[in-house]
Amino acid sequence: MNGAHDVGGMHGFGPIDPEVDEPVFHAEWERRCFALSVAMGAYGSWNLDMSRYARETLPPGDYLTTSYYEHWLHGLQRQLVEHDFLSYDEIEQRMRTLQQASDHAET
Amino acid sequence: MPRLEPKDLHEVVRRGTRAKVDVPIEARFAEGDAVRTRNIHPTGHTRLPRYARDKTGIIDRDHGVFVFPDTHAHGDARPQHCYSVRFPSDMLWGAAGEVGTQIYIDLWDDHLEST
Amino acid sequence: MPGYIVLGKRSRHETMVMPEHHHDHEHGSHLSDTELRVRALESLLVEKDLVNPDTLNELVDTYEHKVGPRNGARVVARSWVDPDYRRRLLDDATAAIDEFAFTGRRGEYMVAVENTPTRHNVVVCTLCSCYPWTVLGLPPVWYKSAPYRSRVVIDPRGVLNEFGVTLAENTEIRVWDSTSETRYLVIPQRPAGTDDWSQDELANLVTRDAMIGVARALTPDALARAEAAS
């Protein structure tokens, strides 16, 4: 697809900004997102090319304004739902529950 | 396949995913052949970047027979030869290209036509 | 039903355009949509017995602590001291790297490309983030980000300049766009003044960036400065 992932030769993204002594992961959710993607991929319900395609389906504006592991998260969620491991409803419901638990822990 | 367990990790990491296919499929091109990339714009997956469509390059090496990602992403492996194809920078970028720079892109038989 | 994640506003350091740094918010009400979503997926998948949390922990440990550019550095250092190995590496990198058991997931099929006084190689994946995990570990953010992926194919000389690699005008540049499962490893040139160095000492000069092709191998002086600074 002629998506935003196909960036070779595009202009205007600004300078390359290497981070000195960069850690492998920048947040705990990146670790979990990475590991969940590998672990769920091991079922063989989808292949690597399907995973790439799932990430490419992010709308261009979102693709270009989100980070690498957010692309993975989008792809993982889409595949989990497409292959009936989870539904969007239960994901949204669980997010609300976790947010409430977190709010409760704060007070 | 069953749930991934810690004991399986060594195998998963060490073996990886086998995209190369051990079947005798004839290569359409040989090292040194001039090829033209197809001018395709599929709405599905493709590994032929936009910047390299409808361009002329030279087969630099034959990697062997691999699943074809463009169709494999949609459930059809369609194994075929994958090549490293060499493009002079100015073929891809015109006057904005750099003299003496070559871009190498891995492409499959179904991306390529004879010139 | 949303087919994609609806994204909230985020700071420029969390965007893909500008590489992300330091946004580790893990507590209380600062949970972002992304953090909540990952937690929700994990808790649901564990609850349904679809993932073993121990497996997740070991996967993270493997890629955070066990696989990394030290692997590639050992391959390159050997190629500097052992001409037979160098030939094997250039002829069939998959087999030669497998001698170290450094092939596997995202390094199943390898090609090694050598820098010479008149030729410089640099590797990219313009379409996603393909990278040889088995010899370099997981890729850095800049490698996966749009500024590098977009520019290095159209302006490699400018990009290399930005990384501090200035090449003579007649140096041939080869850019490798990793569009397949074959992954590329750059063999940098061996620095001068290292004739009596052992293979293990030489490996300390071989950085991740040198094996991507955006840097040269460290000189003995640069290594000494880096070691003094750390």
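Reply: This is a predicted model. Begin with the strands: strand 4 (residues 101-108) of chain B and strand 3 of chain C run parallel and are joined by 5 bridges.

Me: Which residue is the bridge partner of B:Gln102 in strand 3 of chain C?

Reply: The partner of B:Gln102 is C:Arg174.

Me: How is the size of an interface given?

Reply: Often as the accessible area lost when the parts come together. Here chain C and chain B bury about 3200 Å² between them, with 52% of it on carbon and sulfur atoms. On the side of chain C, the most area is lost by C:Tyr109, C:Ile154 and C:Thr179, which together make up 18% of what that side buries.

Me: How many residues does each chain bring to the contact?

Reply: Chain C brings 43 residues and chain B brings 35 residues.

Me: How many salt bridges and polar contacts cross from chain C to chain B?

Reply: The rule finds 2 salt bridges across the interface, and 24 residue pairs are in polar contact. The side of chain C that touches chain B has 18 nonpolar, 12 polar and 13 charged residues.

Me: Which residue forms a salt bridge with B:Arg3?

Reply: C:Asp49 does, with the closest N and O atoms 3.3 Å apart. C:Asp49 lies in the loop between helix 1 (33-47) and helix 2 (53-66) of chain C, and its phi is near 65°, a positive value in a residue other than glycine.

Me: Why does C:Asp49 count as exposed?

Reply: Because its relative accessibility is 54%, and exposed means over 50%.

Technical notes
Residues are numbered from 1 along each chain as its sequence is written. Chains are lettered from A and ligands numbered from 1 in the order in which they are written. This is a predicted model: local features need pLDDT of at least 70, side-chain atom pairs count only at pLDDT 80 or more; totals for chains, interfaces and linings use all residues. Side-chain values use heavy atoms; hydrogens and water are left out. Helices (H or I, at least four residues) and strands (E, at least two) are DSSP runs, numbered from the N terminus. Buried means under 20% relative accessible area, exposed over 50%, partly exposed in between (1.4 Å probe, protein chains only). Contact means heavy atoms within 4.5 Å. Buried area is the accessible area (1.4 Å probe) that two parts lose on being put together, summed over both. A salt bridge is a side-chain nitrogen of Lys or Arg within 4 Å of a carboxyl oxygen of Asp or Glu. A polar contact is a pair of N or O atoms within 3.5 Å; within protein, one must be able to donate a hydrogen and the other to accept it, and residues adjacent in sequence count only if both atoms are side-chain atoms. Ala, Val, Leu, Ile, Met, Phe, Trp, Tyr, Cys and Pro count as nonpolar, Asp, Glu, Lys and Arg as charged, and the others, Gly among them, as polar. Two strands pair if DSSP finds at least two bridges between them.
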